[in-house]
Amino acid sequence: HRGEVHLDEGPRTAWLSAWRKRLNRRALALVADALAPRGAWSSSGPPGGAGRAPWCMPGIFSAARWLMSSALRALRTLLLLPLAMALSSLRLAPTAQTGTAPMLRLGIVSDVQYADTEDATNFVGNRVRRYRHSLAVLANAVRFFDELGNVAVAVQLGDMLDGKANEGGKASSRAALKDVRDVLVEGRLGRTAGGWRSCVGNHELYNFDRWELAAEDLYFEGNPQENVQRILEERAACEEAAAPGRPSFDAEDVSPPLYYSTKPKPGWRLVFLDSYAESIIGDARGAWGRDASARRLNKQNPNIDIEDPTKSFDWTRGLEGDRLRWVPYNGALGTTQLAWLATELAEAKAAAERVIIFCHQPFFIGATRNNNLPWDYEELQGVVAAEPDVVAVVFAGHDHDGGYGVDAGGVHHLVPAAPLECAEGEMAYGYLDCYLDRLEMHWVGKVPNKGAEWPEVLPLAPLPLQGAARL
């Protein structure tokens, strides 16, 4: 399943194929018919005239009829055989529904978490993290996508850098990001505007604040002030309802959530979500938002010190089920972003577009563990569930083991394994071929070890009727 092209014949192609086979069979039958003996000439006379003398009139007429019919069969063969051969070599262009070439091809890489430092274990101490080897995995992915060809966009699912990259301060973070960019520009996509895109993960926010990330085309597209303005308007409306006449928030109190959408090919919309729009990290200019998130986190998880939420502690003590998500390394999208996503899906539906969602945090329990979910994962699931035929697939990172599942609405949720925890020489990346009726996942190396079996073909439900009518 790696790299091959699958032929899926549409109705018109199937019709042609059937007629082509019929003509081939007919032509071969005519050839056989023309060459087949119609009895044997003998000293006793021609076929049909056994026992008659050669000069007998009925025998002469039988021979004439035989010669005439043989000539006609040969003529039919000469006329039909070239047509059958021409049809055998004819290939129709792909129809709007199917074809040999994908409508869109995407490269996929999960958490790289590069830092120029020695290998170490994770927070719990039961996993080895290979910070430099992960950059080598990324370099392999860059070369692979170049050799593969026809990749429109390559997506890294967040945590391109590790928090350890910041141990030397901001200069150290900048140097690590430069190392990553140097690897990316070795490939065509890295030298193309928008060729590589990355979700915002918690480790990005350990290295940079939101305004710094907004200036990086790897993490954001568009004007971050537009996202800030949406928050200001929403908060001002809430404050006005609670206390009329109170002044609205100043932009200095808000950091820009880094969510946006883009359309790399007709009929396909990529939506990048920011699951840390409300969190306690990466909010240097947004003290109001950080403090509100700390209070919210402490309310749900009393293990969290509201004065120092990142303080090393047993964060999950006494927590069970999806309450395990209330930890400092997770966050929330917030009502403003969720409203924006609902609008994006409605617009995509009206335009007959498929949507692929990218979010650092997975939000379907069937594809991840409870401690990886966004704080407001249920609200996010509700927005997606409202348009299940529009959303083709959700890709997420954060969970280094990865996983796969299909929600109740039929939406596929894929969480690839992280390059960070690959063994020496092991790889973890792949590409997605997008068709109207299916997605084909081609993967290289390490695959997730939980959830459903890592898929190769992901069937898609038909587009909503009003969209399908436009195609």
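A nonpolar core, as I use the term, is a set of buried Ala, Val, Leu, Ile, Met, Phe, Trp, Tyr and Cys residues joined through side-chain atoms within 4.5 Å; buried means under 20% relative accessible area with a 1.4 Å probe, protein chains only. The model is predicted, so local features need pLDDT of at least 70 and side-chain atom pairs count only at pLDDT 80 or more, while totals for chains, interfaces and linings use all residues. Residues are numbered from 1 along each chain as its sequence is written, and side-chain values use heavy atoms, without hydrogens or water.

Let me turn to the core. The largest one has 74 residues, of which Leu138, Trp196, Ile356, Phe358, Phe395 and Leu439 touch the most other members. Helix H3, residues 133-148, gives the most to this core, with seven residues; helices (H or I, at least four residues) and strands (E, at least two) are DSSP runs numbered from the N terminus. Apart from this core lies another, of 22 residues, including Tyr259 and Phe363.

Next, the sheet. Six strands form an open, mixed sheet in the order E6-E7-E8-E9-E11-E10, where pairing requires at least two DSSP bridges between two strands. The edge strands are E6 (260-265) and E10, each pairing on one side only. Strands E8 (residues 354-359) and E9 (residues 391-396) run parallel, joined by five bridges, and Val355 has Val391 as its bridge partner in E9.

Finally, the hairpin. E10 (residues 403-406) and E11 (residues 412-415) pair in the antiparallel sense over four bridges, with Tyr404 opposite Leu414. Five residues separate the two strands, and Gly410 in the turn has a positive phi of about 90 degrees.

Definitions and conventions:
Buried < 20%, exposed > 50% of the residue type's maximum accessible area, 1.4 Å probe, protein only.
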